[in-house]
Amino acid sequence: MSGRGGRGGRGGRGPPTNGRRAVAQNSVPWAMDSDIVLDGKPSELFPPYAIPSAPVLTKKEEKQVSFFLLFREQCQDSPLYTQARTWTQSPSAATSASAATTRAYGQDQLNKRYGQTTKATVDPFTAVPTYSHKFKKVPRTLPDLAARPFAKEFFPPELHAALDGEDESGGQAAKRRRVGPKTLGLSSITSYKTAEELFLGADGQAHQLQQGGQVGGGGSLDKALQIMSTVEKGGEDGEGEAFLSGEDDDDWVKGNGEEDEDGNGDEDDVYEDESGDDYNAEAYFDGNQDDEDYDEGGDDGGDYF
Amino acid sequence: MLVTKPVADLCALLIDELHGELPSRIFAILLSKGRSTLPQLVQYTSMTPRQLRHGLAVLQQHNLLFYHVDPGAEFAFYEANAEHAYNLVRTGKILEMIDSSFGAPAKDVMQNLLLSGQTRISDLVAAYQEKIEQANKEAAHVEDDDDFGAEKNGVNGDSHPGKKAGPLVKSTAHLNSIICRLVEAELIDVVHAKTFESSQDILKTVEKEVMDKYFPAGVKGNKAKVEVQERIAEGLRKVRGESKSLKRKLEQNGTAAKRRKLFAGAGMSNGSHDEDMDPALDPRQVIRINYEKCLVDLRNRRLVQFATDIFGETSAYVYGVLLKLLTKDIPRCRADAAMDFGEDKEESEKDTVSVTTDQILDNLKTSVDLSLGIGKAERRQVSSVAAEKIELFPPKKKLLIEEAEVEGEASADEDEDNESSDESEYDSDYKAPTANGTNGVNGTNGAKVKFDESAAPKERRLDRPTQLRQHLLMLAESTQRFVRHCGPNEWTVDFVPLMNALREVELDSVIERTCGRQGLRLVRILRAKGKLDEKALPNVALMRKPELQQKMLEMQTAGFVHVQEVPRDLKADVKKSFFLWFCDVDRSLSRLLDTSYTTMTHCIQVLEALRQKERDVLETTKRSDVRGREKDTMRKEYYERYSRFLECERKLFAQVMRVDDLVSVLRDF
């Protein structure tokens, strides 16, 4: 500050008035406050910072969150739910990330953020039909309004056709009409898994194993756990196939059936029978796009998840 | 509710979370562009009309829209209902509240009602009928394949291995009685022709009607203007009352009170006996959730929580019972200015709602020991005159902080068994300068309340009504004024000043969290002194100047204190002008509210980012063969990643709900 005043005095920017120089000299912080200590060091880039952490959830809050999550799960299961947001899920992750964060100017650009599924946007790696696509839920782009009854008198007249499911895009000759009465379906989802449940489940099993498998009914669990652990090892060593295909595996499925499910049994069998070679190569493309899996995945492909 | 950008973002995110992308997109546009017709929306969103019609139908079904059709017009005007959209975040709380006060079956019904939006009763009954029949069929099958139903769901595979003890709602009669109870509690109301008109539209139609009917020649003079307003308010009230038609019908039956009492007492045990007494509901009626009343109940819970923090559980329990009785007939937390015009007059003429001690006593559970939570003070230390003082009228409007003063003056000389032991020393220090000279003792005396169990067990064995009275008197005496003793053995609550006190407590805790005790102390000094010059502040606060300045700057950035520059002369020389620090509570509160919205939005955005990060895992868990038995089918590392994600999700939503607690105190209660 004082340096600049000096330069100005020499005639760089015209003659400064006395008053201005006085202000400039006196209004610097160390002139006003004499006991200030100037610290010339550059400030630390990442100073230690005590991150505040939220208190643990109380029981009541746990319950509220669970109810909310269950409600959300049921909502997403209902016929009126449309797919989750598309604009962060476009196939090429890099561009989508930038699309989500960059600013959009005007409504046009904002609208372009939302994904459109055309032939050009299909991801060539996952678009080849595979067996596992059977299990995939196809996201709904339009709500299935025809699936349930509405109290139509409370809707504006222009929406009535849509409510009946007769609002097809123009020119389609054959209107698909549902026959039979429409019913309001109650959601069949009755539980939402919490993280604790997931962890507890695993822990409980481990605990049971420690206590010894002689407890009645624990046999199937033990076996499952054994298989699980070997599968994990197999994943590392590339020996997992033996456990997943073959009789051992079927046995496990049956044994587990009491508490798990039976109706899917045959489906599972088919699923596992084919798990030998071709199918799993696809599964690899499906899910793990990580590089680490690339090396081992080529030859064995023994596990699915 | 003022819709700012953070609120709009938040609402769109919430709808996206619960109802999907299409409705959320339309809702965001409606919020930013305001009232629009379908062709306008087509232009804004560049979506097809068909998509828009579907999206609008979903929004309308979930009560998230207002619409208005002019007679003869081709298109309807749509408007976003931001309040209901915001209330989506409270779903968990509302369900939990219903679960704890009405039982699990009622929660199930409410959840399904929320899930399907506005619903015709007959549809709801049919849906339940189907479910019950299915459950019965399953029960008829033997246990060996009782997993069948669960397996079809695909979700609850191993979490509920055949342990389901039948459906929660046992029969249609049971369903009917549950709906009746919820309607009586006003938690469910009826959808009528005007429900989906926005409040401005309703106001306009009512205004027009009134003008046509009563004042065809125009309005002249002040008297006529007042009359117009009264008539309009009356008309609005009539429209509002329509949604309560079902409740009125139920109450006509006369058994309502009795039925309610039975339910409150024994809960589920008296199932079939009661169901016969419930009248059958008109199956054509369309019902939906009434958020306003839900908010009243949530407010009660918040106040009980507040009382628990200050007095302890027993008094808070008593307070909860009192509030429950008192708010039975309070339909909403905040009165609507236009609608309640003229209602105030009636209210003040007749008595405000109050509850007698006997009523409370009848509703207390006998298992609660009322002797807990009351301290013992020596007789001469308690002034019974001051303690039993009856205040007929609600306190006049005062500034937030000065509420403590009047109480202090009235009881300056007598020691009471007030809760000064609960208040920190700090607290009373700060209040001392605000009160008058006579109150100088206040800081030091603080009646020593003895919680001495062994002292005199016989003495404290008072009868139940007396103990109850003591709890109530204690609540009435507090500086926050939980209760007003409005007549002999009659009690009421003045919600407005009480909520102001609660708001201030919330603000104080936020200040303490962000700026520490020092900051809070400075804010309190400023509140007590009004505006203070920068140079005078160090002397008053007894702090060193540099420290003080730093603190004040920190708080100014956070928006808790504000500074005003007053020049001494025309030149407005900086060195000569005064800088006055002050704190404006309202401004701080509105700023806090805005920050809260942003925080909530960020939480949901973080969740979205997490989802993006764990995309491959989440895609796997959505597969129908993996869903419900993730543990068996997923590889361990993936499984761990999945469970970690779930934990994060829970934490984030919990955070959102906590922030919503603050928002509801600041805005809605």
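Which residue stands opposite Leu532(B) in strand 11 of chain B? It is Trp581(B). I will come back to that pair after some ground rules.

This is a predicted model, where local features need pLDDT of at least 70, side-chain atom pairs count only at pLDDT 80 or more, and totals for chains, interfaces and linings use all residues. Residues are numbered from 1 along each chain as its sequence is written, chains are lettered from A and ligands numbered from 1 in the order in which they are written, and side-chain values use heavy atoms, with hydrogens and water left out.

Now the sheets. Strands here are DSSP runs of E with at least two residues, and helices are runs of H or I with at least four, numbered from the N terminus. Two strands pair if DSSP finds at least two bridges between them.

Strand 9 is joined to strand 11 (residues 578–582) by two bridges.

Chain B has another open sheet of three antiparallel strands, in the order 6-8-7. Strand 6 (355–356) and strand 7 (484–487) each have a single partner strand, so one side of each lacks a neighbour in the sheet. Two bridges link strand 6 to strand 8 (residues 490–492), and Val355(B) has Trp491(B) as its bridge partner.

Next, strand 1 (residues 65–68) of chain B. Four bridges tie strand 1 to strand 2 (residues 77–80), running antiparallel, with His68(B) opposite Phe77(B). In a regular strand, side chains alternate between the two faces of the sheet. In strand 1, Leu65(B) and Tyr67(B) lie on one side, Phe66(B) and His68(B) on the other, and all are buried. Buried means under 20% relative accessible area, exposed over 50%, and partly exposed in between, with a 1.4 Å probe and protein chains only.

Last, the surface. Like charges are joined within 9 Å and nonpolar side chains within 5 Å.

A positive patch on chain B includes Lys535(B), Arg568(B) and Lys571(B). Lys571(B) sits in the loop between strand 10 and strand 11 and counts as exposed because its relative accessibility is 73%.

In chain A, Trp30(A), Ile36(A) and Leu38(A) make a nonpolar patch of about 330 Å². Ile36(A) is in the loop between helix 3 (29–32) and helix 4 (59–77), and is partly exposed, at 38%.

Technical notes:
Patches are made of residues with over 30% relative accessible area and no salt bridge: like charges are joined within 9 Å, nonpolar side chains (Val, Leu, Ile, Met, Phe, Trp, Tyr) within 5 Å. Accessible areas come from the Shrake-Rupley method with a 1.4 Å probe; for residues, only the protein chains shown count as cover. A salt bridge is a side-chain nitrogen of Lys or Arg within 4 Å of a carboxyl oxygen of Asp or Glu. Lys and Arg count as positive and Asp and Glu as negative; His and the chain ends are not counted. The place of a charge is taken as NZ of Lys, CZ of Arg, CG of Asp or CD of Glu.
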